[in-house]
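Student: Hey, I've got a new structure to look at. Can you walk me through it?
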Amino acid sequence: GFDTAGIDHIGAYGEPNAEAIAALAPDLIVGYEFDSDYAAVLDRIAPFVGVEVLGRPLSEALLDFADLAGRTDRA
């Protein structure tokens, strides 16, 4: 139900596409624990930070993402 027209596709769920991510030239890559398998590859593109989302309330994980983006005021 969300308009995702302006969002670049960077791979299937749990399978990030390193070439697509690198093409975006990110300063920081923020992912979740499933992406930790790809951390070494992603770290070669930009610093990678993984956020644990399983085993705890989603609201806590979302606050971690907001903190990384410097937007806890909007979380």
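Student: How confident is the predictor in it?
Tutor: This is a predicted model, and the mean pLDDT of the protein chain is 87, with 99% of its residues at 70 or more.

Student: Which elements have the lowest and highest mean pLDDT?
Tutor: Strand 3, residues 29–32, has the lowest at 82, while helix 1, residues 18–23, has the highest at 95.

Student: How much of the chain is buried?
Tutor: Buried residues are 17% of the 75 in the protein chain. The accessible surface is about 5600 Å², and 55% of that belongs to carbon and sulfur atoms.

Student: Switching topic: which residues form a nonpolar patch on the surface?
Tutor: Y13, F34 and L54, with about 350 Å² of accessible area together.

Student: Where is F34 found?
Tutor: F34 is in the loop between strand 3 and helix 2. F34 counts as partly exposed because its relative accessible area is 34%, which falls between the 20% and 50% cut-offs.

Student: What about A69, buried or exposed?
Tutor: Exposed, because its relative accessible area is 53%, over the 50% cut-off. A69 lies in the segment after helix 3.

Student: How far apart are A69 and V30?
Tutor: They're 39 residues apart in sequence and 9.2 Å apart in space, C-alpha to C-alpha.

Definitions and conventions
Residues numbered from 1 in each chain as written. Predicted model: local features only at pLDDT ≥ 70, side-chain atom pairs only at ≥ 80, totals over all residues. Heavy atoms only, no water. pLDDT = per-residue confidence, 0-100. Helix = DSSP H or I, 4+ residues; strand = E, 2+ residues; numbered from the N terminus. Buried < 20%, exposed > 50% of the residue type's maximum accessible area, 1.4 Å probe, protein only. Patch = residues over 30% accessible without salt bridge, like charges linked within 9 Å, V, L, I, M, F, W, Y side chains within 5 Å. Areas by Shrake-Rupley, 256 points an atom, 1.4 Å probe, with all protein chains shown as cover. Salt bridge = Lys/Arg side-chain N within 4 Å of Asp/Glu carboxyl O.
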